[in-house]
Structures are given as C-alpha cells and as structure tokens.
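Subject: Structure for you to look at

Hi there,

Here is the structure I promised to pass on.

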Amino acid sequence: MIMLCLCLSLRSFADNGDDRHEVAFSYGGIAPAAFAYSNYFNLDFGHASIGHYLGETDFVHSMKNIGVFSLAYYYHPLDWLAVGARTSVTSDYGKIVNANTYELSRYMSIFRAYDISIGVKFVYFRRPWVRLYSEVFAGGGALVDDSKRYMDAGKTVHGRFVFQSVPIGVSVGKRLGCFLQLELGTSIIGASGGISYRF
C-alpha cells in the first residue's frame, strides 16, 4: 500500500517532461583530506620540517590545497526531487626547498583525492528564478599519496568511504543558472559555488 501511494504521488507531481536533466560544475573548499596531510608533514620552518626529507637535500614547505572541483549529473523525475551522481577531485601541492640554501627548487603534488558518489537532491522552495535545496550523497574514493614517489618508494593508493551533504543551497536562473551551497562531508567542509544547466 505504501509503495502504491508513492507511485501515485510520483505520477501526480511529475512535470511535463521538460528540463529533466541537469549538469552542474562547482568549486569550493576546504578539503578535509588536506588537514591530515598538513599535520603529517608539519610544514613550518620552525617545527622540524627539515626532518621530512624527500631526498638528501630537499624538504617540503608551505603545502597548499587547490580546493575541490566537482561535476554532477541529476535526473529530475519530479520538480522537487532529483537523483544523481557526483565526482570530485582535489590535490595538495608543496614547495620543495633546498635544505642547504633554503631556496625554492620546484613544486610537487603531495596527494590527490578522487571521489565518486550517488545521492538525492530535494528542492523545497521553487520559484521561476530561485530555488532552495538540500542534497545527500554517498560513495567511495581513492586517496593517492604522491610523497613517497619522491623518496623512491613509489606512490600509494588508499580507498575511502565518501559522504557529502548540502544542508542548504540556493540556485538562481532557469535553464542556465548559478548556485551557492553550504557543504559538510568527507570531500568538502565549507562552501562551494558553480554553474548548472538543465535540458
């Protein structure tokens, strides 16, 4: 009986079939994985960073995260509900400093993270130009440690569970729109923004 009611409600609230597909590109941060690597390398000149050698003469200093780039696809069976998939990527880059001269020698990737997940999107406020929504996604990812490659030990890859939520987001536009959202999860903690297109 519950399943029948759900099916009937889906049919009764379905739209006219237009603009059911949506793609969205976003950029944001902060990447939680970056915190773990910053603590691991302890990248301050005054706190024994010379002990984190990548060779006999070089060490890492001033590691920076590039932020999180995400690409998502949604299918809207209803105007207020969408199901979709999302992929995200981030990386940390560090300055490589000569331990003898303290001069910058090069930049290098410390780690990279690739996440993919599936989830749902709920649109609870809809107007022709403005929408408010929430999202929940879950999936898996790979954390690629590049640092050992510079110590002739090869890079390592670790799997991880991915959970990402958007407690609140606002989208402005019709087919082509822009959005800003608050994100909490394993890929991003903070805010992200981007553009979307429905077709």
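Below is a short tour, from the overall fold to a few residues.

Please keep in mind that this is a predicted model. The protein chain has 2 helices and 8 strands, and along the sequence these run in the pattern α-β-α-β-β-β-β-β-β-β. Of its 199 residues, 38% are buried. Among contacts with a separation of 6 or more, 61% join residues 24 or more positions apart.

One part of the surface to look for is a nonpolar patch of about 790 Å², made by Phe25, Tyr27, Ile66, Phe69, Leu71, Val89, Tyr93, Tyr114 and Ile195. Strands β1 (21–29), β2 (58–78) and β3 (81–98) each give two or more residues to this patch, and β2 gives the most, with 3 residues.

Valine 89, a member of the patch, is found in strand β3. Its relative accessibility is 31%, so valine 89 counts as partly exposed.

Phenylalanine 125 counts as partly exposed because its relative accessibility is 31%. Leaving aside residues up to four places away in sequence, phenylalanine 125 touches Val130, Arg131 and Leu132. Valine 170 is 45 residues from phenylalanine 125 along the chain, and their C-alpha atoms are separated by 9.4 Å.

Enjoy exploring!

Best wishes

Key. Residues numbered from 1 in each chain as written. Predicted model: local features only at pLDDT ≥ 70, side-chain atom pairs only at ≥ 80, totals over all residues. Heavy atoms only, no water. Helix = DSSP H or I, 4+ residues; strand = E, 2+ residues; numbered from the N terminus. Buried < 20%, exposed > 50% of the residue type's maximum accessible area, 1.4 Å probe, protein only. Contact = heavy atoms within 4.5 Å. Patch = residues over 30% accessible without salt bridge, like charges linked within 9 Å, V, L, I, M, F, W, Y side chains within 5 Å. Areas by Shrake-Rupley, 256 points an atom, 1.4 Å probe, with all protein chains shown as cover. Salt bridge = Lys/Arg side-chain N within 4 Å of Asp/Glu carboxyl O.
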